[in-house]
Amino acid sequence: MERIAKFAKTIRNNWKKSVLGAVAIYYASATAKEKYEINILMRAACKEAAIYGEALLPIERNPTVITVILNPVANKRKAKQEFEKYCEPLLLLGGLQVDVVQTASEGNAKEIVETLRGTEAIIVAGGDGTLSETVTGLLRRNDQANMFPVGVLPLGRTNSIGNTLFPNGKGVQKVKQLITASMAIIKGNTVWKDAMKIEQVTDESETPNRPIYAMASMEWGAFRDTLAKKDKYWFYGPLREYAAYIFNGYKSSLNWNCSGTIKYTPPCVGCTNCTAKRPEVKRKWFFVSSTEAAGQLDQTKILNPECLTSKELCFRTCDFKIKTQNVAMNHQIPALSIFLGRNSYSYTDFVSEGWRRIKTNSDPEPIFARTIEITPKETDRDTVIEIDKEDFDMKPIKITLMPKVIKLFCQ
């Protein structure tokens with residue numbers, strides 16, 4: 001009893017050191033527990049992957065060759081370390097021949113994929129930007145290269161597509177997500193996903209740029225601009241998104257006036273108007289899809305007169321989004337979703353709405369479309385939009401839905 005009283009007296013007399021010591025012990029024990037749980041997960045995953053790697057191959061078959069497009073600077077330069085620690089060992093144990101190609105600059109993934117040869121699958125180790133560049137390089141080719149299955153290892157700061165395919169989280173849950181994504185590649189299950197083709201609308205005298213492709217969204221407006229500045233408030237830690245809304249909600253530098261005209265056509269399941277006849281290319285693919293490509297029916301022979309009808313509307317908003325069904329609500333038939341927010345917000349409404357979106361990201365009622373032509377109203381200031389978390393200058397553009405065009409590895 002005397003020892004307990006003496007210990008309590010010591011704690012009371014040195015309460016600052018006691019609190020600091022308790023916090024240090026708590027974090028040390030939490031870190032030790034996290035590492036232990038990760039080791040348990042990796043051990044179990046390695047055993048499962050080894051079963052696939054030890055399976056006998058036919059004598060005429062070589063190990064499956066996959067090419068990993070690795071963005072080493074993704075997620076504050078953590079992507080390479082996490083890939084080598086959690087993903088690469090599983091892929092090798094699974095019997096895959098892994099060729100790793102690191103991107104050297106922005107846009108390099110497009111160049112790599114456009115000239116890629118001698119592989120049976122492409123794996124994207126990065127975030128939304130790296131995936132968008134890879135898909136762009138893949139769909140710019142004219143050799144049916146989109147039949148290559150694409151794997152997504154969600155190693156970036158933003159992983160819109162990866163998070164829809166595999167449950168996300170932090171700490172142990174993040175490692176579990178990477179393990180699940182790696183095992184999906186080893187098992188070979190695939191699913192077809194939509195993409196959208198984005199082209200600049202130019203005059204006859206101008207040389208058009210090559211199209212880019214995206215799988216998630218296009219965003220324009222004050223909410224997008226605010227979240228783009230959240231890293232400036234890194235010292236607020238996990239509250240930096242909330243701080244971004246507080247310190248930017250009154251600034252005129254945000255895009256409060258997104259205005260122009262939209263011309264769009266209604267969704268279509270596929271018909272002679274919107275489906276191009278593709279030449280048959282005989283190839284042998286070693287990955288077999290568990291969810292076959294939709295569209296065994298020849299859509300080039302279907303007639304749909306409503307497909308060519310179009311509607312036009314003028315808009316003015318401070319929050320403009322276009323999303324594919326990969327990340328938005330599903331429609332009965334393939335479609336792009338157009339979301340138009342309110343015209344204006346007061347400072348308090350803007351901050352409260354921003355905070356609500358951080359907790360629950362819900363969108364207004366969408367307009368469904370197959371093709372969308374956006375003509376922004378001319379202004380004196382430069383306007384920036386975000387396509388799959390990458391910045392582009394806002395110009396007149398045409399967005400076309402490409403349904404079920406990318407084959408992704410899934411659970």
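1. The buried residues of helix α6 are D128, G129, T130, L131, S132, E133, T134, V135, T136, G137, L138 and L139. Because twelve of the 13 residues of α6 are buried, this helix is largely enclosed by the rest of the structure. From its first C-alpha to its last, α6 reaches 18 Å, close to the 18 Å expected at 1.5 Å a residue. These remarks, like those that follow, concern a predicted model.

2. On the overall dimensions, the protein chain has 411 residues, and buried residues make up 43% of them. The chain contains eleven helices and 16 strands. Taken along the principal axes, the box filled by its C-alpha atoms is roughly 90 × 70 × 40 Å.

3. Which residues line the largest cavity? The lining consists of V124, G126, G127, D128, L131, V152, L153, P154, N159 and G162. The elements that give two or more residues to this lining are β3 (121–126), α6 (128–140) and β4 (150–154). Among these elements, β4 gives the most, with three residues. Two of the lining residues, D128 and L131, are also listed among the buried residues of α6.

4. The volume of the largest cavity is about 50 Å³. Sorted by class, its lining has five nonpolar, four polar and one charged residues.

5. Helix α8 spans residues 172–187, which makes 16 residues, and reaches 22 Å from its first C-alpha to its last, close to the 22 Å expected at 1.5 Å a residue. Is α8 mostly covered or mostly open? It is mostly covered, with twelve of its 16 residues buried. The buried positions are V172, K174, V175, Q177, L178, I179, A181, S182, M183, A184, I185 and I186. After α8 comes G188, with a positive phi near 85°.

6. As to annotation, the unreviewed UniProt entry carries "domain: DAGKc" over residues 61–205. Over residues 61–205 the model is 42% helix and 23% strand, and the end C-alpha atoms are 53 Å apart.

7. Strand β13 (residues 371–376) has two pairings to record. With strand β8 (residues 258–265) it runs antiparallel, and six bridges join the two. In that pairing, which residue of β13 stands opposite K263? The residue is E373. With strand β16 (residues 397–409), β13 pairs in the antiparallel sense over four bridges. Here I374 stands opposite I397 of β16.

8. N75, found in helix α3 (residues 74–77), has a positive phi of about 55° although it is not a glycine. D388 likewise has a positive phi, near 50°, and is found in the loop between β14 (384–387) and β15 (390–393). Why does D388 count as buried? Its relative accessibility is 5%, and the term applies under 20%.

9. S337 is found in strand β11 (residues 336–340). This residue is buried because its relative accessible area is 0%, where the limit is under 20%. S337 and T324 are 13 residues apart in sequence, and their C-alpha atoms are 6.3 Å apart in space.

10. G118 lies in the loop between α5 (108–114) and β3. Is G118 buried or exposed? It is exposed, because its relative accessible area is 69% and the term applies over 50%. G118 and N39 are 79 residues apart in sequence and 35 Å apart in space, C-alpha to C-alpha.

Note on methods:
Residues numbered from 1 in each chain as written. Predicted model: local features only at pLDDT ≥ 70, side-chain atom pairs only at ≥ 80, totals over all residues. Heavy atoms only, no water. 1 Å grid on protein atoms, 1.4 Å probe; cavity = no way out; pocket = protein on both sides within 12 Å on 5 of 7 lines; lining within 4 Å. Points joined across faces, edges and corners; volume = space filled by probe spheres on them. Nonpolar A, V, L, I, M, F, W, Y, C, P; charged D, E, K, R; others polar. UniProt positions renumbered as here; feature names shortened; annotations may be inferred. Pairing = 2+ DSSP bridges. Expected span 1.5 Å × (residues − 1). Buried < 20%, exposed > 50% of the residue type's maximum accessible area, 1.4 Å probe, protein only.
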